[in-house]
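Trainee: Could you go through this model with me? I would like to start with the loops and then move on to the rings and the inside.

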Amino acid sequence: MKFATKAIHAGQEPDPSTGAVMTPIYQTSTYWQKSPGDHQGFEYSRGTNPTRKALEACLAALENAKHGLAFSSGMGATDTVLRLLQPGDEVITGNDLYGGSYRIFTKVYAKYGIKFHFLDLSKPENMLPYINDKTKLVWIETPTNPTMQIIDIEGIAKITKERKLILTVDNTFASPYLQNPIDLGADIVMHSVTKYIGGHSDVVMGALLVNDDQLYKDLWFIYNACGATPGPQDAFLVLRGIKTLHLRMKAHCENGEKVARFLKTHPKVDKIYWPGFEDHPNHDIAKKQMRGFGGMVSITLKDADLQETFRVASSFKVFTLAESLGGVESLINHPVSMTHGSIPKEEREKVGVTDNLLRLSVGVEDIDDLIADLEQALK
């Protein structure tokens with residue numbers, strides 16, 4: 001099936017008991033057993049639930065994976081991957097990351113003797129000097145949050161496969177509609193389902209998608225044992241959101257490009273980060289591994305201090321000043337004080353996450369209204 005058909009149908013069959021076309025919300029914690037151990041595939045809803053199972057099958061289909069696991073948040077999914085590691089293991093990751101990922105790496109898992117290398121991965125070979133017999137995991141985002149760095153997934157995967165390392169790709173910014181890391185050699189794909197997949201800013205959820213059967217079993221054990229699993233109402237909402245993912249992503253991409261091109265020549269904008277520009281670093285890689293450039297755009301304001309940046313960020317009427325991204329509504333975010341506040345200033349500024357940087361999640365409103373809002377806020 002093609003993507004749009006999978007988004008609407010994958011994992012979702014008419015309910016066998018009623019014929020309901022939409023997957024029911026199985027609001028139950030436990031399941032009847034004919035005799036001890038003789039059940040219908042469901043025992044207790046921490047481990048699995050029919051509504052969640054339908055969602056996991058749909059997510060796996062969208063990422064061309066065999067297995068899917070849905071979590072109560074993207075951080076719950078991230079935490080589960082990290083629990084594959086042992087004290088003394090080492091992780092290679094990028095130097096521009098979602099603040100929550102940086103925080104769990106440095107403030108939680110580093111305490112257990114796991115070492116993290118934060119590197120410029122714009123060239124895959126940059127990681128080679130840091131690989132040793134303790135290296136177990138490579139974790140990348142592409143495009144990165146918030147400076148939209150593009151990392152060559154296929155190039156990284158070639159190195160990780162040769163050395164039997166687990167490659168995890170946070171695919172949140174692209175969504176499965178624009179990029180499928182498993183097809184490019186990744187072992188695990190992570191999503192903050194809260195964002196584009198859910199798409200309506202009404203649910204918090206994460207997901208892991210994998211092909212390898214043993215890796216799935218290892219992750220499922222942690223998933224069930226540690227319990228970061230979502231409820232059926234959230235699973236239902238995400239299933240409903242997925243049905244328009246292909247339509248929404250087309251609109252996000254179209255509006256994102258128009259906003260980026262408007263801002264590129266604006267006199268109040270110093271730098272702009274959007275991978276669709278030919279002068280964006282690794283644009284050719286983005287063009288090769290993505291089917292579009294998405295709706296995320298970051299800018300720095302020319303000669304703006306923190307006070308002026310706050311003034312601009314608070315002046316929008318259509319864009320909403322808020323954390324998160326990927327919903328149908330346009331959002332504006334100040335990473336330094338919001339999503340990336342846990343990253344030390346000197347580390348943030350090395351990659352351009354400065355006090356005058358704003359991140360835009362371009363929604364699906366009428367583009368004329370979005371441009372007009374940008375014009376009035378940037379006066």
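Mentor: Let me begin with the terms: helices (H or I, at least four residues) and strands (E, at least two) are DSSP runs, numbered from the N terminus. This is a predicted model, in which local features need pLDDT of at least 70 and side-chain atom pairs count only at pLDDT 80 or more, while totals for chains, interfaces and linings use all residues. Residues are numbered from 1 along each chain as its sequence is written, and side-chain values use heavy atoms, with hydrogens and water left out.

Trainee: OK, loops then. Where is Pro143 placed?

Mentor: Pro143 sits in the loop between strand 4 and helix 5 (153-162), and the peptide bond that joins Thr142 to Pro143 is cis, with omega about -5 degrees. Pro146 belongs to the loop between strand 4 and helix 5 as well, and the bond from Asn145 to Pro146 is also cis, with omega near 15 degrees.

Trainee: And what about phi, which residues other than glycine have a positive value?

Mentor: As background, most residues other than glycine have a negative phi, and most peptide bonds are trans. Ser201, in the loop between strand 6 (188-192) and strand 7 (206-210), has a positive phi of about 55 degrees. Asp303, in the loop between strand 9 (296-301) and helix 11 (306-313), has a phi near 55 degrees.

Trainee: How exposed is Ser201, and how exposed is Asp303?

Mentor: Buried means under 20% relative accessible area, exposed over 50%, and partly exposed in between (1.4 Å probe, protein chains only). With a relative accessible area of 44%, Ser201 is partly exposed, whereas Asp303, at 79%, is exposed.

Trainee: Switching to Asn171, buried or exposed?

Mentor: Asn171, which lies in the loop between strand 5 (166-170) and helix 6 (175-178), counts as buried at 0% relative accessibility.

Trainee: Now the rings. How many aromatic pairs are there?

Mentor: Rings of Phe, Tyr and Trp (its six-membered ring) pair if their centres lie within 6.5 Å, and planes under 30 degrees apart count as stacked, over 60 as edge-to-face and the rest as tilted. By that rule the structure holds 13 aromatic pairs. In one of them, the rings of Phe105 and Trp139 have centres 5.9 Å apart and planes at 85 degrees, so this pair is edge-to-face.

Trainee: Which parts does that pair tie together?

Mentor: Phe105 lies in helix 4 (residues 99-109) and Trp139 in strand 4 (residues 135-141), so the pair ties together parts that are 34 residues apart in sequence.

Trainee: Last topic: what lines the largest cavity?

Mentor: On a 1 Å grid over the protein atoms alone, a cavity is a set of points where a 1.4 Å probe fits but cannot get out, and lining residues have an atom within 4 Å of a point. Grid points are joined across faces, edges and corners, and a volume is the space filled by probe spheres set on the points. The largest cavity has a volume of about 40 Å³, and its lining includes Pro143, Met148, Phe173 and Met296.

Trainee: Where does that cavity lie?

Mentor: Domain 1 (3-240) and domain 2 (247-378), whose bounds come from an automatic or database domain assignment, both give residues to the lining of the largest cavity, so it lies between them.

Definitions and conventions: On a 1 Å grid over the protein atoms alone, a cavity is a set of points where a 1.4 Å probe fits but cannot get out, and a pocket is an open set with protein on both sides within 12 Å along at least five of seven lines; lining residues have an atom within 4 Å of a point.
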